[in-house]
Structure formats: C-alpha cells, structure tokens
Amino acid sequence: MRNVLSSHVKGLSRRLSPGESKLVAACFVGAVFGMFLSWSALDTLSWRTSVAQNDWTTQERWLVFTGTVVLGGLVFFMRKHFGHGGIVGLLRTGIAGLWVLFLAGVITGTLNMPLWGTTFGVIIIAGTIAKSPLVALSGVGALALVHWLCRPWQIERRSIFGYGEMEF
C-alpha cells in the first residue's frame with residue numbers, strides 16, 4: 001500500500017517535458033496579449049484622456065484581469081490547433097486564432113457585463129483591432145509566436161501517440 005501511495009505522489013511532482021514547457025510559454029504569450037487587448041479595449045471604451053491614469057476602478061481592473069486569464073486559457077484549450085506544419089497548419093492556426101478572439105470577446109464580455117457584454121464583447125474587440133494597427137500587428141505576432149511555441153508540443157505528441165502530420 002505504501003508503494004502505491006508514494007508512486008502517486010511522485011507522479012504529481014514530475015517535471016514538464018520540453019514541449020509542455022513551450023506550451024506553458026504559449027499560454028503565457030496568449031495571456032500577455034489578452035492583457036494588452038483588454039487594456040486597448042478599455043482605452044477604446046474609456047471616456048478618459050488616458051488609460052495610464054492611476055485611478056482605475058474595480059470594474060476596469062476586472063476587465064483587464066478577465067481578458068488576461070480568458071485569452072491565456074483559450075490558448076490552452078485550443079492548443080491542438082496550433083503548431084502543425086505546412087500550409088494547412090498555418091491555415092488551421094489562423095482559423096483557431098479567429099475563434100480564440102471570438103470566444104474571448106464572448107466570455108470576457110459575459111464576465112464583465114452579462115447580456116450586454118455577451119452581445120457587444122466581440123464587436124468591441126473587432127473595433128479595437130480595427131482602430132489600432134498596433135493591436136492588430138501585435139495580435140498577428142502573438143499568434144505567430146503561439147504557433148511557433150506549440151510546434152515542439154505537437155512533435156512530442158505525434159511521437160508519443162503516433163499521430164500523422166495531417167491528422168486532425
């Protein structure tokens with residue numbers, strides 16, 4: 001009995017493989033972009049002269065926090081679509097990136113303002129990206145970085161489970 005319990009404890013404290021650590025880094029990149037996108041959306045919606053002012057309300061802090069957590073979490077949950085090779089892999093990454101943005105708008109909007117936020121969250125994200133080319137370019141850069149960071153995880157997964165390159 002003692003050996004069974006000790007093996008479970010050892011199993012919980014294992015180290016991450018190189019691919020898994022890159023996957024964690026990809027989620028972190030998604031979270032940082034989510035924070036930047038939320039901050040930019042707050043700037044789009046704000047009546048202030050600058051979002052960089054120190055007197056943020058609790059709702060504004062909550063908006064940035066939920067955007068950060070939701071986008072990082074969505075990168076994790078959509079991880080099987082990132083990191084594939086070839087043109088199909090790039091196309092798949094682009095479609096998954098659009099899905100992540102859509103779901104981030106719906107979920108973050110719902111967490112910030114139920115019903116209204118669910119409806120207008122995606123529109124606010126689209127307006128923020130259309131308003132600022134810097135946000136759009138950083139989104140493309142973050143998506144490319146997430147794709148690049150997920151590549152080793154996909155290679156590890158394929159070597160362990162025997163999935164082919166084109167297998168969905």
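Leaving aside neighbours within four places in sequence, Cys150 is in contact (heavy atoms within 4.5 Å) with Leu23, Ala26, Phe82 and Gly83. The model is predicted, with local features needing pLDDT of at least 70 and side-chain atom pairs counting only at pLDDT 80 or more, whereas totals for chains, interfaces and linings use all residues. Residues are numbered from 1 along each chain as its sequence is written, and side-chain values use heavy atoms, with hydrogens and water left out.

Cys150 belongs to helix α6, where helices (H or I, at least four residues) and strands (E, at least two) are DSSP runs numbered from the N terminus. With a relative accessible area of 0%, Cys150 is buried, a class that covers values under 20%, while exposed means over 50% and partly exposed lies in between (1.4 Å probe, protein chains only). The C-alpha atoms of Cys150 and Ala25 are separated by 8.8 Å, although these residues stand 125 residues apart along the chain.

Cys150 also takes part in the largest nonpolar core, which holds 22 residues, and together with Phe82, Val100, Ala104 and Val146 it touches the most other members. The elements that give two or more residues to this core are α2 (18–45), α3 (58–77), α4 (86–112) and α6 (133–161). A nonpolar core is here a set of buried Ala, Val, Leu, Ile, Met, Phe, Trp, Tyr and Cys residues joined through side-chain atoms within 4.5 Å. In soluble globular proteins, nonpolar side chains tend to be buried together.

Apart from its neighbours within four places in sequence, Val29 is in contact with Ala142, Leu145, Val146 and Leu149.

On the surface, Trp62, Phe65, Val69, Ile107 and Leu111 form a nonpolar patch with about 460 Å² of accessible area together. Such areas come from the Shrake-Rupley method with a 1.4 Å probe, and for residues only the protein chains shown count as cover. Patches are made of residues with over 30% relative accessible area and no salt bridge, like charges being joined within 9 Å and nonpolar side chains (Val, Leu, Ile, Met, Phe, Trp, Tyr) within 5 Å; a salt bridge is a side-chain nitrogen of Lys or Arg within 4 Å of a carboxyl oxygen of Asp or Glu. Both α3 and α4 supply at least two residues of the patch, and the largest share, 3 residues, comes from α3. Ile107, found in helix α4, counts as partly exposed at 34% relative accessibility.

Leu115 lies in the loop between α4 and α5 (116–131) and counts as exposed, at 69% relative accessibility. Its backbone has a positive phi of about 70°, although Leu115 is not a glycine. Most residues other than glycine have a negative phi.

Taken as a whole, the chain contains 6 helices and 0 strands, following the pattern α-α-α-α-α-α along the sequence. Of its 168 residues, 35% count as buried. Among contacts between residues at least 6 apart in sequence, 70% join residues at least 24 apart. The accessible surface of the chain comes to about 10,600 Å², of which 73% belongs to carbon and sulfur atoms.
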